[in-house]
Amino acid sequence: MGPRGRASAASPDHASPPSTIRCFVALQPDQGALQWLDRLAGEQHARFPAARRTRRENLHLTLAFIGALEADRAREVAARLATEACMPFDWSLDAVGAFGGARVLWAGGANPQLDALAARARRLLDELDVRYDRKPFVAHVTLLRNVPRDAARHAARRLEPPILWHARAPVLLESRTDANGVRYLPVAPQGDNA
């Protein structure tokens with residue numbers, strides 16, 4: 001078949017798949033909480049030097065993990081999140097704990113307002129028909145990964161004084177890998193040309 005008989009790369013039958021990004025709905029810490037969490041991560045890393053420490057700029061609280069999502073849909077989710085009213089509140093992180101199976105060391109604490117915010121974020125994803133990980137919400141910030149299993153069993157302790165986090169509106173973050181490793185960056189809302 002000659003050149004005229006070939007289907008064009010731009011034809012609908014041969015269109016490239018839509019680009020996807022790995023993303024999640026999250027809260028980002030205020031500067032005071034970020035400073036204390038980074039310090040705590042450093043202290044815990046000194047206890048468990050074989051573990052991998054979360055970079056300061058990546059510290060966050062996940063409300064709903066989405067995973068791969070088509071980029072236009074991600075911008076739509078970001079835009080919807082930006083329109084949601086969210087009254088600021090304080091969250092007190094008063095414990096260090098570990099998920100032994102996942103080998104994750106975290107800081108966290110119970111808070112009914114935070115539970116309600118996570119539930120609202122998940123309802124919004126349901127309304128938009130966006131799939132997400134439906135594991136129960138556990139309010140925590142990952143400090144270390146790949147913590148030795150035996151060490152994780154003995155990691156739990158109270159935080160005195162607790163870390164105070166001034167919680168604001170949730171955002172959609174993209175997990176992007178580059179030469180410097182993984183970075184979590186806000187997804188620009190649909191219609192935002194910035």
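On helix H1, the face turned away from the buried side carries exposed residues, namely Gln31, Gln35 and Ala46. Bear in mind that this is a predicted model.

Now the other side of H1. The buried residues there are Ala33, Leu34, Leu37, Asp38, Leu40, Ala41 and Gln44. Looking down the axis of H1, these buried residues fall within an arc of 165°, so they line one face of the helix. What do the buried residues of H1 pack against? The partners are strand E2 (52-53), E4, strand E5 (104-108), strand E6 (140-145) and E7.

As for length, H1 covers residues 31-47, and its 17 residues should span 24 Å at 1.5 Å a residue. The end C-alpha atoms are 25 Å apart, which agrees. At the start of H1, aspartate 30 has a side-chain oxygen within 3.1 Å of the backbone nitrogen of glycine 32.

Next, the rings. The count comes to 3 aromatic pairs. In one of them, tryptophan 91 and tryptophan 165 are tilted, at 5.1 Å centre to centre with 50° between the planes. Tryptophan 91 lies in strand E4 (residues 89-99) and tryptophan 165 in strand E7 (residues 157-167), so this pair ties together parts that are 74 residues apart in sequence. Tryptophan 91 is buried, at 0% relative accessibility, and tryptophan 165 is buried at 0% as well.

Phenylalanine 99 and tryptophan 106 also form a tilted pair, with ring centres 5.6 Å apart and planes at 35°. Buried or partly exposed? Phenylalanine 99 is partly exposed, at 29% relative accessible area, whereas tryptophan 106 counts as buried at 15% relative accessibility.

Technical notes
Residues are numbered from 1 along each chain as its sequence is written. This is a predicted model: local features need pLDDT of at least 70, side-chain atom pairs count only at pLDDT 80 or more; totals for chains, interfaces and linings use all residues. Side-chain values use heavy atoms; hydrogens and water are left out. Rings of Phe, Tyr and Trp (its six-membered ring) pair if their centres lie within 6.5 Å; planes under 30 degrees apart count as stacked, over 60 as edge-to-face and the rest as tilted. Helices (H or I, at least four residues) and strands (E, at least two) are DSSP runs, numbered from the N terminus. Buried means under 20% relative accessible area, exposed over 50%, partly exposed in between (1.4 Å probe, protein chains only). The expected span of a helix is 1.5 Å times one less than its number of residues. The arc is that of the directions from the helix axis to the C-beta atoms. Contact means heavy atoms within 4.5 Å. A polar contact is a pair of N or O atoms within 3.5 Å; within protein, one must be able to donate a hydrogen and the other to accept it, and residues adjacent in sequence count only if both atoms are side-chain atoms.
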